[in-house]
Amino acid sequence: MQIDDFALERWFAAHEHDADLMLAESGVRSLESGRFDTDPGELGYVIPTNGDPEIRERIAARYDRDADEVLCTCGTQEANFLAFHTLLEPDDHAVVVTPTYQSLRTIPETICDVTTVELEPPTWELSVDAVSEAVRPETELIVVNNPNNPTGRYHPRETLEALYDLASDADAYLFCDEVYRKLAEQPHPPAASLGPRAISTAGLSKAYGLAGLRFGWLVADREVIDAAWNWKDYTTISPPTISQHVASQALEREDEILAENRAHAVDHRERVREFVDRHDLEWYEPVGVNVFVTIPEGFESGRAFCEAVLEEGVVLAPGEFFGHPDRFRIGFGLPTGELETGLERIEGVLESR
Ligand SMILES: Cc1ncc(COP(=O)(O)O)c(C=O)c1O
């Protein structure tokens with residue numbers, strides 16, 4: 001089976017090693033491992049392999065679901081992969097709201113027919129009517145990422161409710177990747193709490209600053225979860241033991257961790273706002289730690305701009321990876337000193353032209 005290169009991951013792989021400042025990272029800077037007990041005792045498989053029942057219980061509660069409607073996974077990425085392979089067949093159809101994180105579009109495209117519904121700048125508003133027009137009798141999934149990567153747009157609760165009704169009426173599922181949701185000051189209820197025809201995925205990489213744990217989850221009705229668990233026997237079998245041990249502590253202490261990370265995000269968003277205003281660039285005020293900005297004058301594309309900035313050791317993400325060659329994405333979740341130095345070096349590139 002052919003699959004397109006994951007353009008953003010390949011870009012990171014090519015440049016992350018040589019550059020010293022990653023302003024392309026989409027999550028909040030890592031927490032120190034020393035804040036957690038990292039010794040789980042034994043290093044066997046996680047039993048049961050769908051994840052620790054107490055963790056599943058804790059996660060389920062936030063979605064108004066049962067623990068059996070949660071599957072713990074290796075990151076949100078695996079949760080998405082398992083859900084798509086569980087739910088989509090070659091004769092199905094999926095509607096994917098774009099721009100979005102590439103795997104949310106590319107994996108469905110490897111399986112079935114996909115119609116994309118574009119969010120348009122400058123507000124990246126999601127049109128329920130446009131999604132409704134894209135739905136067909138064979139539509140199985142409506143795929144949304146909320147808050148959205150790369151735009152930072154957090155679609156309102158009413159929009160998600162309307163999409164839920166649409167999916168439900170079409171005997172489809174509303175699928176929502178909510179990995180950035182906990183970075184919102186006041187997160188809406190998650191999609192999977194809207195009813196049985198909604199599916200949520202999320203994890204600890206972005207809002208918690210724990211990407212190296214590779215810990216995530218899928219929340220859906222029992223039938224979907226059991227089928228996805230069946231697929232997981234062929235991918236990673238169980239979550240990693242050490243990760244689950246730390247994840248359990250992070251979830252217990254999430255109020256403290258999230259308060260710290262949100263304050264960090266708000267402070268950094270202001271720094272990026274000043275930068276964007278100083279250079280008269282267009283942005284949409286984001287939820288999360290990504291912002292999707294128009295390129296400065298004098299550069300022919302987002303890629304050309306990102307390549308110029310790379311010369312100074314700073315990695316940004318070209319907008320072409322999200323279908324917008326006239327933009328670039330800044331991830332501003334990194335440590336403050338690194339963000340400041342990164343922005344200074346970008347300004348240096350702009351001033352030298
Ligand atoms: C929308 C979205 N979903 C999933 C992922 C991957 O998350 P994880 O590290 O939890 O696998 C990313 C990473 O950038 C993302 O932006």
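D64 is exposed, with a relative accessible area of 68%. In this predicted model, D64 lies in the loop between α2 and β2 (70-74). D280 belongs to the loop between α9 and β9. With 71% relative accessibility, D280 counts as exposed, because the cut-off for that class is over 50%.

Two cis peptide bonds can be described. One joins I47 and P48, with omega at about -5°. P48 sits in the loop between β1 and α2. The other runs from N149 to P150, and its omega is near 20°. P150 is placed in the loop between β5 and α6 (157-169).

I47 is also part of a surface feature. Together with Y45 and I237, I47 forms a nonpolar patch on the surface. The accessible area of these three residues together is about 350 Å². Y45 is located in the loop between β1 and α2. Its relative accessibility is 58%, so Y45 counts as exposed. A negative surface patch is made up of E54, E57, D66 and E252. Of these residues, E252 is found in helix α8 (residues 241-252). E252 counts as exposed because its relative accessibility is 53%.

The strands β9, β12 and β11 make an open sheet of three strands, in the order β9-β12-β11. The pairing is antiparallel. In general, strands of a sheet pair through backbone hydrogen bonds, either parallel or antiparallel. The edge strands are β9 (290-294) and β11 (317-318), each of which pairs on one side only. Between β9 and β12 (residues 327-331) there are five bridges. N290 has G331 in β12 as its bridge partner. T294 stands opposite R327, also in β12.

Although β9 is an edge strand, five of its five residues are buried, so β9 is largely enclosed by the rest of the structure. Both faces of the strand are covered. One side carries N290, F292 and T294, the other V291 and V293, and all of these are buried.

R327 counts as buried, at 3% relative accessibility. E282 is partly exposed, with a relative accessible area of 35%.

In the whole structure, a search finds 26 salt bridges. Among them is the contact between the side chains of R29 and E260, at 3.7 Å from N to O. This pair links distant parts of the chain, 231 residues apart. R29 is in the loop between β1 (21-22) and α2 (53-62), and E260 is in helix α9 (residues 254-278). R29 counts as buried at 17% relative accessibility, because the limit for burial is under 20%. E260 is partly exposed, with a relative accessible area of 31%. Both residues belong to a network of salt bridges that links R29, R35, R253, E256 and E260.

A further salt bridge connects R136 and D113, with the closest N and O atoms 3.0 Å apart. R136 lies in the loop between α5 (128-134) and β5 (139-145) and D113 in strand β4 (residues 113-118), so the pair ties together parts that are 23 residues apart in sequence. Both residues count as partly exposed, R136 at 29% relative accessibility and D113 at 42%.

A207 and E125 are separated by 82 residues in sequence and by 23 Å in space, C-alpha to C-alpha.

Technical notes:
Residues are numbered from 1 along each chain as its sequence is written. This is a predicted model: local features need pLDDT of at least 70, side-chain atom pairs count only at pLDDT 80 or more; totals for chains, interfaces and linings use all residues. Side-chain values use heavy atoms; hydrogens and water are left out. Two strands pair if DSSP finds at least two bridges between them. Helices (H or I, at least four residues) and strands (E, at least two) are DSSP runs, numbered from the N terminus. Patches are made of residues with over 30% relative accessible area and no salt bridge: like charges are joined within 9 Å, nonpolar side chains (Val, Leu, Ile, Met, Phe, Trp, Tyr) within 5 Å. Accessible areas come from the Shrake-Rupley method with a 1.4 Å probe; for residues, only the protein chains shown count as cover. A salt bridge is a side-chain nitrogen of Lys or Arg within 4 Å of a carboxyl oxygen of Asp or Glu. Lys and Arg count as positive and Asp and Glu as negative; His and the chain ends are not counted. The place of a charge is taken as NZ of Lys, CZ of Arg, CG of Asp or CD of Glu. Buried means under 20% relative accessible area, exposed over 50%, partly exposed in between (1.4 Å probe, protein chains only).
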